[in-house]
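Please read it alongside the sequence and the structure shown here.

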Amino acid sequence: MKKFTSVKTRITLWYTALMLILISVVLILTGTLSYRLSLNSIENDIILKVSKISEKVNARHSVEIFNDVNRNEYFKNVSVYLENGEYLVGQYQYDVSSVPFAPNKLRRETVSGEEYIIYDVFKPARPGDGQGYFIRGAESISYSRIFGRSAFVILLFVIPLILILTAFGGYYITKKAFMPINNIIKTANEIADRNDVKQRIEIPPNSRRDELHDLSLTLNRMLDRIENLIIQEKQFTSDASHELRTPISVILTQGEYLLDIANDEKEKELAESIVTKAKQVSSLVSHLLLLARIDQSRQKLSMETVDLCLLTDISSENLKILADRKNISIINKVPEGLTVMADEALLLSAVGNLLSNGIKYGKDFGEITVSAEKSESEVKISIADNGIGISPKHIDKIWDRFYRVDDARNDEYGSNGLGLSMVKSIISLHGGSITVQSQPNIGTRFEIILHC
Ligand code: ADP
(Lines give C-alpha, C1' and ligand atoms only; values in the text may rest on other atoms or scores of the structure.)
Protein backbone atom coordinates (compact mmCIF):
# COMPACT_ATOMS: atom_id res chain seq x y z
CA MET A 1 0.00 0.00 0.00
CA LYS A 2 2.91 2.28 0.84
CA LYS A 3 4.09 1.98 -2.79
CA PHE A 4 0.95 3.67 -4.08
CA THR A 5 1.17 6.55 -1.64
CA SER A 6 4.69 7.54 -2.65
CA VAL A 7 4.99 10.68 -4.79
CA LYS A 8 7.18 8.74 -7.28
CA THR A 9 4.47 6.14 -7.89
CA ARG A 10 1.71 8.72 -8.07
CA ILE A 11 3.58 10.80 -10.66
CA THR A 12 4.41 7.66 -12.70
CA LEU A 13 0.78 6.47 -12.60
CA TRP A 14 -0.44 9.93 -13.58
CA TYR A 15 1.84 10.16 -16.62
CA THR A 16 1.13 6.58 -17.67
CA ALA A 17 -2.64 7.19 -17.46
CA LEU A 18 -2.22 10.47 -19.36
CA MET A 19 -0.20 8.66 -22.02
CA LEU A 20 -2.88 5.97 -22.32
CA ILE A 21 -5.58 8.62 -22.81
CA LEU A 22 -3.41 10.52 -25.31
CA ILE A 23 -2.60 7.40 -27.36
CA SER A 24 -6.28 6.39 -27.36
CA VAL A 25 -7.43 9.86 -28.51
CA VAL A 26 -4.78 10.00 -31.26
CA LEU A 27 -5.66 6.46 -32.39
CA ILE A 28 -9.39 7.16 -32.44
CA LEU A 29 -8.91 10.42 -34.39
CA THR A 30 -6.40 9.06 -36.91
CA GLY A 31 -8.40 5.81 -37.22
CA THR A 32 -11.66 7.65 -37.96
CA LEU A 33 -9.97 10.01 -40.43
CA SER A 34 -8.11 7.33 -42.35
CA TYR A 35 -11.27 5.15 -42.38
CA ARG A 36 -13.17 8.04 -44.02
CA LEU A 37 -10.39 8.59 -46.57
CA SER A 38 -10.22 4.86 -47.31
CA LEU A 39 -14.01 4.79 -47.88
CA ASN A 40 -13.75 7.62 -50.38
CA SER A 41 -10.97 5.97 -52.28
CA ILE A 42 -12.81 2.59 -52.29
CA GLU A 43 -15.94 4.26 -53.65
CA ASN A 44 -14.01 6.04 -56.41
CA ASP A 45 -12.10 2.89 -57.22
CA ILE A 46 -15.24 0.79 -57.59
CA ILE A 47 -17.02 3.34 -59.78
CA LEU A 48 -13.91 3.60 -61.98
CA LYS A 49 -13.47 -0.17 -62.38
CA VAL A 50 -17.16 -0.78 -63.08
CA SER A 51 -17.18 2.08 -65.65
CA LYS A 52 -14.09 0.73 -67.42
CA ILE A 53 -15.52 -2.74 -67.75
CA SER A 54 -18.87 -1.41 -68.89
CA GLU A 55 -17.05 0.56 -71.63
CA LYS A 56 -15.41 -2.65 -72.86
CA VAL A 57 -18.75 -4.41 -72.91
CA ASN A 58 -20.10 -1.57 -74.99
CA ALA A 59 -17.21 -1.60 -77.43
CA ARG A 60 -17.26 -5.28 -78.37
CA HIS A 61 -20.92 -6.17 -77.77
CA SER A 62 -19.74 -9.54 -76.76
CA VAL A 63 -18.57 -11.42 -73.71
CA GLU A 64 -15.44 -12.60 -75.58
CA ILE A 65 -13.88 -9.26 -74.68
CA PHE A 66 -13.29 -10.64 -71.23
CA ASN A 67 -10.75 -13.07 -72.54
CA ASP A 68 -8.47 -10.19 -73.57
CA VAL A 69 -8.38 -8.24 -70.40
CA ASN A 70 -6.00 -8.74 -67.60
CA ARG A 71 -8.42 -10.31 -65.21
CA ASN A 72 -6.53 -9.69 -62.05
CA GLU A 73 -6.34 -6.01 -62.69
CA TYR A 74 -9.85 -5.41 -64.03
CA PHE A 75 -11.90 -7.85 -62.11
CA LYS A 76 -10.67 -7.36 -58.60
CA ASN A 77 -13.93 -6.74 -56.71
CA VAL A 78 -15.90 -6.67 -59.94
CA SER A 79 -18.12 -9.37 -61.50
CA VAL A 80 -20.37 -9.55 -64.52
CA TYR A 81 -23.82 -11.20 -64.48
CA LEU A 82 -26.39 -11.90 -67.21
CA GLU A 83 -29.61 -9.91 -66.96
CA ASN A 84 -31.25 -12.93 -65.21
CA GLY A 85 -28.63 -12.68 -62.40
CA GLU A 86 -26.55 -15.62 -63.57
CA TYR A 87 -22.85 -15.13 -62.82
CA LEU A 88 -20.73 -14.82 -65.96
CA VAL A 89 -17.22 -13.68 -65.25
CA GLY A 90 -15.08 -11.69 -62.81
CA GLN A 91 -14.20 -12.11 -59.13
CA TYR A 92 -17.14 -14.08 -57.82
CA GLN A 93 -18.21 -12.69 -54.46
CA TYR A 94 -20.47 -15.26 -52.89
CA ASP A 95 -22.02 -12.94 -50.25
CA VAL A 96 -22.94 -10.02 -52.47
CA SER A 97 -24.24 -12.13 -55.39
CA SER A 98 -27.59 -12.46 -53.56
CA VAL A 99 -28.10 -8.68 -53.28
CA PRO A 100 -30.68 -7.46 -55.87
CA PHE A 101 -29.27 -5.26 -58.67
CA ALA A 102 -29.88 -1.51 -58.52
CA PRO A 103 -28.08 0.12 -61.46
CA ASN A 104 -26.14 3.38 -61.09
CA LYS A 105 -26.71 3.63 -57.33
CA LEU A 106 -23.68 3.69 -55.08
CA ARG A 107 -24.92 2.14 -51.83
CA ARG A 108 -24.03 0.25 -48.66
CA GLU A 109 -25.45 -3.16 -47.91
CA THR A 110 -24.90 -5.40 -44.94
CA VAL A 111 -24.54 -9.03 -45.94
CA SER A 112 -23.84 -11.81 -43.41
CA GLY A 113 -22.88 -9.21 -40.79
CA GLU A 114 -20.35 -7.46 -43.03
CA GLU A 115 -20.84 -4.09 -44.65
CA TYR A 116 -20.17 -3.63 -48.39
CA ILE A 117 -20.12 -0.74 -50.83
CA ILE A 118 -21.93 -1.87 -53.99
CA TYR A 119 -22.21 -0.21 -57.36
CA ASP A 120 -24.10 -1.78 -60.31
CA VAL A 121 -24.31 -0.80 -63.97
CA PHE A 122 -26.56 -2.37 -66.63
CA LYS A 123 -25.20 -2.59 -70.17
CA PRO A 124 -27.54 -3.75 -72.97
CA ALA A 125 -25.94 -6.25 -75.42
CA ARG A 126 -27.05 -4.03 -78.31
CA PRO A 127 -28.38 -0.48 -78.02
CA GLY A 128 -32.09 -0.56 -77.19
CA ASP A 129 -31.88 -4.27 -76.46
CA GLY A 130 -33.47 -5.53 -73.22
CA GLN A 131 -30.79 -8.20 -72.97
CA GLY A 132 -27.42 -7.34 -71.55
CA TYR A 133 -25.14 -7.57 -68.56
CA PHE A 134 -25.07 -6.37 -64.99
CA ILE A 135 -21.61 -5.23 -63.93
CA ARG A 136 -21.26 -5.17 -60.16
CA GLY A 137 -18.45 -3.69 -58.11
CA ALA A 138 -18.47 -4.56 -54.41
CA GLU A 139 -15.96 -4.20 -51.61
CA SER A 140 -16.11 -4.86 -47.90
CA ILE A 141 -15.71 -1.76 -45.76
CA SER A 142 -15.39 -3.45 -42.36
CA TYR A 143 -12.70 -1.95 -40.10
CA SER A 144 -10.58 -5.09 -39.97
CA ARG A 145 -10.62 -5.48 -43.76
CA ILE A 146 -9.54 -1.88 -44.28
CA PHE A 147 -6.81 -1.74 -41.69
CA GLY A 148 -5.84 -5.38 -41.92
CA ARG A 149 -3.65 -6.84 -39.18
CA SER A 150 -1.59 -3.70 -38.63
CA ALA A 151 -4.27 -2.12 -36.41
CA PHE A 152 -4.28 -5.18 -34.15
CA VAL A 153 -0.51 -5.29 -34.01
CA ILE A 154 -0.54 -1.67 -32.82
CA LEU A 155 -3.23 -2.37 -30.26
CA LEU A 156 -1.67 -5.57 -28.96
CA PHE A 157 2.04 -4.76 -28.90
CA VAL A 158 2.90 -1.16 -29.65
CA ILE A 159 0.55 0.45 -27.11
CA PRO A 160 1.53 -1.80 -24.16
CA LEU A 161 5.18 -1.28 -25.14
CA ILE A 162 4.80 2.51 -25.12
CA LEU A 163 2.98 2.32 -21.78
CA ILE A 164 5.64 0.09 -20.22
CA LEU A 165 8.38 2.43 -21.47
CA THR A 166 6.49 5.46 -20.11
CA ALA A 167 5.93 3.80 -16.72
CA PHE A 168 9.50 2.52 -16.27
CA GLY A 169 11.14 5.62 -17.74
CA GLY A 170 8.94 7.92 -15.65
CA TYR A 171 9.58 5.92 -12.48
CA TYR A 172 13.34 5.87 -13.08
CA ILE A 173 13.52 9.63 -13.74
CA THR A 174 11.36 10.56 -10.72
CA LYS A 175 13.32 8.13 -8.56
CA LYS A 176 16.55 9.88 -9.53
CA ALA A 177 14.98 13.30 -9.05
CA PHE A 178 13.72 12.33 -5.59
CA MET A 179 17.04 10.88 -4.43
CA PRO A 180 17.89 14.00 -2.36
CA ILE A 181 14.54 13.66 -0.56
CA ASN A 182 15.39 10.06 0.34
CA ASN A 183 18.71 11.27 1.73
CA ILE A 184 16.90 13.95 3.75
CA ILE A 185 14.46 11.35 5.16
CA LYS A 186 17.35 8.96 5.94
CA THR A 187 19.30 11.65 7.79
CA ALA A 188 16.23 12.89 9.69
CA ASN A 189 15.48 9.30 10.79
CA GLU A 190 19.07 8.75 11.91
CA ILE A 191 18.97 11.95 13.95
CA ALA A 192 15.63 11.00 15.49
CA ASP A 193 16.56 7.37 16.22
CA ARG A 194 20.12 7.86 17.46
CA ASN A 195 19.80 11.37 18.83
CA ASP A 196 22.87 12.17 16.79
CA VAL A 197 22.84 15.75 15.49
CA LYS A 198 26.26 15.21 13.90
CA GLN A 199 24.56 13.49 10.94
CA ARG A 200 24.40 15.48 7.69
CA ILE A 201 22.46 15.00 4.46
CA GLU A 202 24.61 13.29 1.86
CA ILE A 203 25.03 15.45 -1.27
CA PRO A 204 26.77 13.56 -4.10
CA PRO A 205 29.43 15.76 -5.77
CA ASN A 206 27.92 15.37 -9.25
CA SER A 207 24.34 16.03 -8.15
CA ARG A 208 22.24 18.46 -10.18
CA ARG A 209 22.04 21.97 -8.71
CA ASP A 210 18.25 22.09 -8.49
CA GLU A 211 15.80 23.12 -5.75
CA LEU A 212 16.29 19.84 -3.85
CA HIS A 213 20.05 20.31 -3.91
CA ASP A 214 19.54 23.80 -2.39
CA LEU A 215 17.14 22.38 0.18
CA SER A 216 19.74 19.79 1.27
CA LEU A 217 22.39 22.52 1.59
CA THR A 218 20.05 24.71 3.63
CA LEU A 219 19.06 21.84 5.92
CA ASN A 220 22.72 20.95 6.46
CA ARG A 221 23.43 24.57 7.39
CA MET A 222 20.50 24.48 9.79
CA LEU A 223 21.83 21.24 11.34
CA ASP A 224 25.25 22.91 11.82
CA ARG A 225 23.52 25.71 13.67
CA ILE A 226 21.46 23.33 15.83
CA GLU A 227 24.53 21.28 16.67
CA ASN A 228 26.39 24.43 17.72
CA LEU A 229 23.47 25.55 19.88
CA ILE A 230 23.32 22.14 21.58
CA ILE A 231 27.08 22.20 22.20
CA GLN A 232 26.80 25.70 23.68
CA GLU A 233 23.84 24.68 25.84
CA LYS A 234 25.72 21.63 27.16
CA GLN A 235 28.73 23.77 27.85
CA PHE A 236 26.56 26.29 29.69
CA THR A 237 24.96 23.57 31.85
CA SER A 238 28.36 22.14 32.63
CA ASP A 239 29.89 25.57 33.48
CA ALA A 240 26.88 26.71 35.53
CA SER A 241 26.82 23.44 37.55
CA HIS A 242 30.53 23.78 38.18
CA GLU A 243 30.15 27.35 39.38
CA LEU A 244 27.27 26.35 41.68
CA ARG A 245 29.13 23.50 43.37
CA THR A 246 31.26 25.59 45.75
CA PRO A 247 28.58 28.03 46.96
CA ILE A 248 26.18 25.13 47.56
CA SER A 249 28.66 23.18 49.65
CA VAL A 250 29.32 26.37 51.66
CA ILE A 251 25.56 26.82 52.25
CA LEU A 252 25.26 23.15 53.22
CA THR A 253 28.18 23.25 55.66
CA GLN A 254 26.98 26.48 57.24
CA GLY A 255 23.42 25.19 57.43
CA GLU A 256 24.64 22.09 59.26
CA TYR A 257 26.66 24.31 61.61
CA LEU A 258 23.57 26.43 62.28
CA LEU A 259 21.65 23.23 63.03
CA ASP A 260 24.27 22.26 65.60
CA ILE A 261 24.16 25.58 67.38
CA ALA A 262 20.40 26.14 67.15
CA ASN A 263 19.07 27.51 70.45
CA ASP A 264 15.40 26.75 70.06
CA GLU A 265 12.89 24.86 67.93
CA LYS A 266 12.34 27.79 65.59
CA GLU A 267 16.07 28.13 64.78
CA LYS A 268 16.37 24.36 64.37
CA GLU A 269 13.46 24.31 61.92
CA LEU A 270 15.01 27.12 59.84
CA ALA A 271 18.44 25.46 59.78
CA GLU A 272 16.88 22.11 58.85
CA SER A 273 15.06 23.71 55.93
CA ILE A 274 18.35 25.27 54.70
CA VAL A 275 20.14 21.92 54.93
CA THR A 276 17.33 20.00 53.12
CA LYS A 277 17.13 22.50 50.27
CA ALA A 278 20.93 22.72 49.97
CA LYS A 279 21.09 18.89 49.73
CA GLN A 280 18.42 18.93 46.98
CA VAL A 281 20.29 21.57 44.98
CA SER A 282 23.56 19.71 45.53
CA SER A 283 22.02 16.49 44.18
CA LEU A 284 20.57 18.42 41.22
CA VAL A 285 23.97 19.90 40.45
CA SER A 286 25.75 16.55 40.62
CA HIS A 287 23.09 15.02 38.31
CA LEU A 288 23.55 17.90 35.87
CA LEU A 289 27.32 17.58 35.98
CA LEU A 290 27.19 13.86 35.31
CA LEU A 291 24.73 14.35 32.41
CA ALA A 292 26.89 17.13 30.94
CA ARG A 293 29.98 14.89 31.14
CA ILE A 294 28.15 12.02 29.42
CA ASP A 295 26.69 14.38 26.75
CA GLN A 296 30.11 15.83 26.01
CA SER A 297 31.64 12.31 25.95
CA ARG A 298 33.89 13.32 28.81
CA GLN A 299 32.61 10.68 31.26
CA LYS A 300 35.11 7.82 31.30
CA LEU A 301 34.03 4.34 32.31
CA SER A 302 36.27 2.42 34.64
CA MET A 303 35.04 -1.06 33.92
CA GLU A 304 35.44 -3.83 36.48
CA THR A 305 33.72 -7.02 37.54
CA VAL A 306 30.81 -5.96 39.73
CA ASP A 307 29.03 -8.32 42.13
CA LEU A 308 25.38 -7.44 41.52
CA CYS A 309 24.05 -9.03 44.72
CA LEU A 310 26.51 -7.02 46.78
CA LEU A 311 25.78 -3.83 44.86
CA THR A 312 22.05 -4.29 45.56
CA ASP A 313 22.76 -4.80 49.29
CA ILE A 314 24.88 -1.62 49.44
CA SER A 315 22.23 0.37 47.61
CA SER A 316 19.41 -0.88 49.91
CA GLU A 317 21.52 -0.06 52.95
CA ASN A 318 22.06 3.50 51.64
CA LEU A 319 18.31 3.94 51.32
CA LYS A 320 17.30 2.13 54.52
CA ILE A 321 16.26 5.26 56.45
CA LEU A 322 14.07 6.45 53.56
CA ALA A 323 12.53 2.97 53.10
CA ASP A 324 11.88 2.50 56.83
CA ARG A 325 9.95 5.76 56.96
CA LYS A 326 7.34 4.17 54.71
CA ASN A 327 7.82 0.61 55.97
CA ILE A 328 8.86 -0.49 52.50
CA SER A 329 10.95 -3.64 52.25
CA ILE A 330 13.62 -4.04 49.61
CA ILE A 331 13.93 -7.71 48.66
CA ASN A 332 17.21 -8.72 47.08
CA LYS A 333 16.65 -11.77 44.85
CA VAL A 334 19.86 -11.40 42.86
CA PRO A 335 21.68 -14.77 42.90
CA GLU A 336 24.86 -14.62 44.98
CA GLY A 337 28.02 -14.31 42.94
CA LEU A 338 26.22 -13.00 39.80
CA THR A 339 28.63 -10.55 38.22
CA VAL A 340 28.64 -8.08 35.38
CA MET A 341 31.31 -5.87 33.76
CA ALA A 342 30.43 -2.25 34.59
CA ASP A 343 31.57 1.00 36.15
CA GLU A 344 30.65 0.22 39.75
CA ALA A 345 30.09 3.82 40.95
CA LEU A 346 27.84 4.65 37.99
CA LEU A 347 25.88 1.38 38.19
CA LEU A 348 25.40 1.94 41.93
CA SER A 349 24.07 5.41 41.17
CA ALA A 350 21.66 4.01 38.52
CA VAL A 351 20.34 1.18 40.73
CA GLY A 352 20.17 3.58 43.71
CA ASN A 353 18.04 6.00 41.67
CA LEU A 354 15.61 3.29 40.62
CA LEU A 355 15.32 2.01 44.20
CA SER A 356 14.82 5.52 45.57
CA ASN A 357 12.05 6.06 42.98
CA GLY A 358 10.52 2.76 44.12
CA ILE A 359 10.44 4.14 47.65
CA LYS A 360 9.30 7.67 46.69
CA TYR A 361 6.44 6.37 44.54
CA GLY A 362 5.78 3.23 46.61
CA LYS A 363 2.85 2.68 48.99
CA ASP A 364 3.35 2.33 52.76
CA PHE A 365 4.23 -1.27 53.66
CA GLY A 366 5.04 -1.90 50.04
CA GLU A 367 7.80 -3.99 48.48
CA ILE A 368 10.59 -3.48 45.99
CA THR A 369 12.10 -6.60 44.48
CA VAL A 370 15.49 -6.61 42.77
CA SER A 371 16.27 -9.67 40.66
CA ALA A 372 18.80 -10.51 37.98
CA GLU A 373 19.63 -13.29 35.55
CA LYS A 374 22.62 -13.89 33.38
CA SER A 375 22.73 -15.54 29.96
CA GLU A 376 25.70 -16.08 27.67
CA SER A 377 25.52 -12.64 26.17
CA GLU A 378 23.67 -10.42 28.63
CA VAL A 379 22.64 -9.69 32.19
CA LYS A 380 19.03 -8.65 32.90
CA ILE A 381 18.42 -6.65 36.06
CA SER A 382 14.86 -6.02 37.12
CA ILE A 383 13.65 -3.59 39.78
CA ALA A 384 9.93 -3.91 40.47
CA ASP A 385 7.72 -2.14 42.98
CA ASN A 386 4.04 -2.33 43.89
CA GLY A 387 3.64 1.43 44.17
CA ILE A 388 1.43 4.04 42.51
CA GLY A 389 2.52 3.17 38.96
CA ILE A 390 2.66 5.47 35.95
CA SER A 391 -0.29 6.16 33.66
CA PRO A 392 0.21 5.32 29.95
CA LYS A 393 -0.04 8.99 28.93
CA HIS A 394 3.11 9.82 30.93
CA ILE A 395 5.14 6.66 30.38
CA ASP A 396 7.02 7.80 27.25
CA LYS A 397 8.00 11.13 28.78
CA ILE A 398 9.48 9.96 32.09
CA TRP A 399 12.93 9.71 30.46
CA ASP A 400 12.90 13.41 29.48
CA ARG A 401 15.02 15.79 31.52
CA PHE A 402 13.10 17.65 34.25
CA TYR A 403 9.91 15.70 33.49
CA ARG A 404 7.87 15.04 36.59
CA VAL A 405 4.44 13.39 36.55
CA ASP A 406 3.03 15.11 39.62
CA ASP A 407 4.90 18.29 40.62
CA ALA A 408 3.19 18.76 43.99
CA ARG A 409 3.76 15.18 45.13
CA ASN A 410 7.34 15.13 43.90
CA ASP A 411 8.25 18.32 45.76
CA GLU A 412 7.68 16.37 48.98
CA TYR A 413 10.70 14.23 48.10
CA GLY A 414 12.85 16.95 46.57
CA SER A 415 12.53 15.37 43.12
CA ASN A 416 14.02 17.20 40.19
CA GLY A 417 12.95 15.05 37.22
CA LEU A 418 16.54 14.24 36.28
CA GLY A 419 16.87 10.80 37.90
CA LEU A 420 15.58 8.59 35.08
CA SER A 421 17.34 10.53 32.31
CA MET A 422 20.56 10.09 34.25
CA VAL A 423 19.90 6.35 34.70
CA LYS A 424 19.21 6.01 30.96
CA SER A 425 22.40 7.92 30.07
CA ILE A 426 24.48 5.70 32.40
CA ILE A 427 23.03 2.50 30.92
CA SER A 428 23.48 3.78 27.33
CA LEU A 429 27.07 4.69 28.16
CA HIS A 430 27.56 1.01 29.08
CA GLY A 431 26.06 0.02 25.69
CA GLY A 432 22.96 -1.38 27.41
CA SER A 433 19.27 -0.54 27.39
CA ILE A 434 16.51 0.14 29.91
CA THR A 435 12.76 -0.34 29.57
CA VAL A 436 9.77 0.24 31.80
CA GLN A 437 6.41 -1.42 32.28
CA SER A 438 3.87 0.09 34.61
CA GLN A 439 0.24 -0.05 35.63
CA PRO A 440 -1.34 2.70 37.72
CA ASN A 441 -1.97 1.51 41.31
CA ILE A 442 -0.38 -1.88 40.65
CA GLY A 443 3.29 -1.05 40.26
CA THR A 444 6.26 -0.38 38.05
CA ARG A 445 9.02 -2.59 36.72
CA PHE A 446 12.30 -1.32 35.24
CA GLU A 447 14.44 -3.77 33.29
CA ILE A 448 18.09 -3.07 32.53
CA ILE A 449 19.98 -5.13 29.96
CA LEU A 450 23.77 -5.04 30.03
CA HIS A 451 25.88 -6.97 27.56
CA CYS A 452 28.52 -9.32 28.89
P1 ADP B 1 12.09 12.42 39.91
O2 ADP B 1 13.24 13.16 40.45
O3 ADP B 1 10.85 13.28 39.71
O4 ADP B 1 11.83 11.16 40.57
P5 ADP B 1 12.75 10.80 37.68
O6 ADP B 1 13.37 11.14 36.40
O7 ADP B 1 13.42 9.80 38.55
O8 ADP B 1 12.51 12.16 38.42
O9 ADP B 1 11.29 10.26 37.40
C10 ADP B 1 10.47 10.97 36.50
C11 ADP B 1 9.00 10.73 36.85
O12 ADP B 1 8.68 9.35 36.63
C13 ADP B 1 8.72 10.95 38.30
O14 ADP B 1 8.33 12.28 38.52
C15 ADP B 1 7.62 9.97 38.61
O16 ADP B 1 6.37 10.57 38.44
C17 ADP B 1 7.79 8.87 37.60
N18 ADP B 1 8.37 7.66 38.22
C19 ADP B 1 9.67 7.29 38.20
N20 ADP B 1 9.84 6.10 38.81
C21 ADP B 1 8.63 5.73 39.25
C22 ADP B 1 8.14 4.58 39.98
N23 ADP B 1 8.93 3.58 40.40
N24 ADP B 1 6.82 4.52 40.24
C25 ADP B 1 5.99 5.50 39.82
N26 ADP B 1 6.37 6.60 39.14
C27 ADP B 1 7.69 6.71 38.87
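## Sheet and cysteines

Five strands make up an open sheet of mixed pairing, and their order is E7-E9-E10-E12-E11. The edges are taken by strand E7 (329-332) and strand E11 (433-439); each has a single partner strand, so one side of each is left without a neighbour in the sheet. On average, neighbouring strands of this sheet are turned by 15° against each other, direction ignored. The model is predicted, and the values here are computed from it.

Within the sheet, strand E9 (residues 367-374) pairs with strand E10 (residues 378-385) in the antiparallel sense, over seven bridges.

The cysteines are the second topic. How many disulfides does a search of the whole structure find? The search finds zero. A disulfide requires two cysteine sulfur atoms within 2.5 Å.

| Cysteine | Closest cysteine sulfur | Distance between sulfurs |
|---|---|---|
| Cys309 | in Cys452 | 17 Å |
| Cys452 | in Cys309 | 17 Å |

The sulfur of Cys309 is too far from that of Cys452 for a bond, because 17 Å lies between them. Cys309 is also buried, with a relative accessible area of 11%, where buried means under 20%.

Definitions and conventions:
Residues are numbered from 1 along each chain as its sequence is written. This is a predicted model: local features need pLDDT of at least 70, side-chain atom pairs count only at pLDDT 80 or more; totals for chains, interfaces and linings use all residues. Side-chain values use heavy atoms; hydrogens and water are left out. Buried means under 20% relative accessible area, exposed over 50%, partly exposed in between (1.4 Å probe, protein chains only). Two strands pair if DSSP finds at least two bridges between them. Helices (H or I, at least four residues) and strands (E, at least two) are DSSP runs, numbered from the N terminus. Axes are lines fitted to C-alpha atoms, for helices over the stretch in contact, and angles run from 0 to 180 degrees between N-to-C directions.
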